[in-house]
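Open the structure in your viewer and keep the selection tool at hand. The tour goes from one selection to the next.

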Amino acid sequence: MAQATTAPGPGARGGAEDLRGRTVVLIGGGSGIGLRVARRVVDAGARVVLGGRTAARLESAAAELGEAATWRTVDTRDTDSLAAFFDGVERVDHLFTSAASYRVGPMRELSDEDAASPFDSKFWGQYHAVRAAAPKLARDGSVVLMSGAASARPAGPAPAYVACNAAIEGLGRGLAVELAPVRVNAVAPGTVDGHLWANRPAADRDAAFAQYRRDALLGRPAAEDEIAQAVVFLFTNGFTTGSTLYTDGGYTLR
Ligand SMILES: NC(=O)c1ccc[n+]([C@@H]2O[C@H](COP(=O)([O-])OP(=O)(O)OC[C@H]3O[C@@H](n4cnc5c(N)ncnc54)[C@H](OP(=O)(O)O)[C@@H]3O)[C@@H](O)[C@H]2O)c1
């Protein structure tokens, strides 16, 4: 009887799990979750290219990471800026774009411009980043999209933001089909106690964290590094594609 074999996946060159010598592009990697991902992949032997709009932020993040890190400014809302960014990057083994800035609120209160801002920045920003990176993406590489658990459980009235995250998860499935064998996945964090919330008004932050302590099964917001660990898992698991990983402490179950 013929023996069943499992052909090695495209990650067989040293295994998708092996980040040594890989180039990981982290747009938004100058702070927060992206910077935590940078620390993890550099510790695993990868090179990182950090992107963001503020040179000083990127310079200090790269200095903290050491010689495996380089940086280039980029604005993900500008396709010319993305093209120039990727012109300067030789190869892309993994891409994660946590870069986004937007306004969130109720339909009846937001201007159309503010309501569109999550789509303009977070959805189209990531779409255009992947499109610009695509010619340089390694066949055994991957893309991780940034979503948010609000896609499945809105924390409050913010319908355009909720829809944007749901669209990003759909984008991940669509790109997984188009770009295979490159793997494409999304990570959907709940509320994270980190850089983003540290820069919001204290009253908003306290209310969001209190709500999360009440509503998440694990009774607390995430640490940035817990989300970073999930991103690295999606980079390195050679058989996961088209998935959304909810790193939300069980928030979407209550
Ligand atoms: N933190 C949370 O609780 C949470 C929960 C769910 C989802 N998320 C998602 O996580 C992402 C934010 O990541 P984070 O929490 O790590 O926050 P963060 O520290 O504020 O990171 C965002 C990074 O992106 C850069 N950036 C913003 N807009 C950009 C643009 N147009 N082009 C290039 N770079 C840009 C920022 O730097 P510059 O301003 O210098 O460009 C910053 O370094 C958002 O997509 C958010 O929806 C966060």
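Which residues are closest to the ligand, and how many surround it? Select the ligand: 31 residues surround it, and the closest are Gly28, Gly32, Arg53, Thr54 and Ala99. A residue is near a molecule if its C-beta atom, placed from the backbone, lies within 6 Å of it. This is a predicted model: local features need pLDDT of at least 70, side-chain atom pairs count only at pLDDT 80 or more, and totals for chains, interfaces and linings use all residues. Residues are numbered from 1 along each chain as its sequence is written.

Next, colour the helices α1 (32-43), α4 (112-133) and α6 (195-198); each supplies at least two residues of the shell around the ligand. Helices are DSSP runs (H or I, at least four residues), numbered from the N terminus.

On the α1 side, the contact includes Gly32, Ile33 and Arg36; on the α8 side, Glu224, Asp225 and Ile227 are among the residues. Contact requires C-beta atoms, placed from the backbone, within 7 Å.

Last, select Tyr251, in the segment after β9 (244-247); strands are DSSP runs of E, at least two residues. Tyr251 is in contact with residues including Ala149, Arg153 and Tyr212.

Notes: Contact = placed C-beta atoms within 7 Å. Lists of a residue's contacts leave out its neighbours within four places in sequence.
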